[in-house]
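Walk me through this model, please.

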Amino acid sequence: MTRPTMDGADIRVPATILGVGLGGFVDGILLHQVLQWHHLLSSTDTDRIGIRYYPVDTVAGLRMNTLWDGLFHTVTWVAVLTGLALLYARVTRSRGRLWRSPALWGWALVGWGLFNLVEGLVDHQILGIHHVHGGPQQLWWDLGFLALGAVFVAVGWAVQRRASAVDLCAPERR
């Protein structure tokens with residue numbers, strides 16, 4: 001009788017969704033709130049789709065940007081919860097072994113990188129509703145964000161490729 005194992009393919013989707021959510025959390029918490037480099041609608045004065053401008057230096061503008069930042073955080077929170085729920089549903093034993101698995105963290109890093117790439121291309125480049133750090137060098141900040149996303153995808157891919165299967169029946173060692 002073969003022992004059930006969890007290989008990288010079994011956790012690819014949940015771990016990637018978890019990584020998307022975690023990447024969104026870092027973006028929203030670090031860039032939107034802590035550094036205050038941008039908000040979700042902070043560049044709509046120069047966007048490509050005609051959204052009304054909500055300047056962040058006015059109370060009304062900051063309120064609208066804060067609302068949209070909150071909606072963005074809600075989506076990233078749902079992604080994290082979804083990723084965790086899918087992982088929980090797929091792994092009923094040896095959870096500690098899974099959390100130490102390079103497969104999980106490699107796929108999560110792929111998800112984070114995909115978040116950067118999609119968000120960077122859609123919001124920064126195509127729609128132009130905000131940029132990583134506005135100002136005369138904003139294109140370089142945006143390109144750096146995209147490059148970081150590509151690096152995360154490549155490193156995550158390499159990490160998960162070297163991961164071995166997780167034995168779900170082996171007793172947990174302490």
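Asn65 sits in helix 2, residues 59-90. Helices here are DSSP runs of H or I with at least four residues, numbered from the N terminus. The model is predicted, so local features need pLDDT of at least 70 and side-chain atom pairs count only at pLDDT 80 or more, while totals for chains, interfaces and linings use all residues. Residues are numbered from 1 along each chain as its sequence is written, and side-chain values use heavy atoms, with hydrogens and water left out.

Asn65 is buried, at a relative accessible area of 0%. Buried means under 20%, exposed over 50%, and partly exposed in between, with a 1.4 Å probe and protein chains only. A polar atom of the Asn65 side chain lies 2.8 Å from the backbone oxygen of Tyr54. Leaving aside residues up to four places away in sequence, Asn65 touches His39, Leu40, Leu41, Ser42, Tyr54 and Val56. Contact here means heavy atoms within 4.5 Å.

Now the rings. The whole structure holds five aromatic pairs. One of them joins Trp37 and Trp141, edge-to-face, at 4.6 Å centre to centre and 65° between the planes. Rings of Phe, Tyr and Trp (its six-membered ring) pair if their centres lie within 6.5 Å; planes under 30 degrees apart are stacked, over 60 edge-to-face, the rest tilted. Trp37 lies in the loop between helix 1 (8-34) and helix 2, and Trp141 in helix 5 (residues 138-161), so the pair ties together parts 104 residues apart in sequence. Trp37 is partly exposed at 26% relative accessibility. Trp141 is also partly exposed, at 37%.

Phe72 and Phe115 have ring centres 6.1 Å apart and planes at 45°, so this pair is tilted. Phe72 belongs to helix 2 and Phe115 to helix 4 (residues 102-126), so parts 43 residues apart in sequence are tied together. Both Phe72 and Phe115 are buried.

Technical notes
Helices (H or I, at least four residues) and strands (E, at least two) are DSSP runs, numbered from the N terminus. A polar contact is a pair of N or O atoms within 3.5 Å; within protein, one must be able to donate a hydrogen and the other to accept it, and residues adjacent in sequence count only if both atoms are side-chain atoms.
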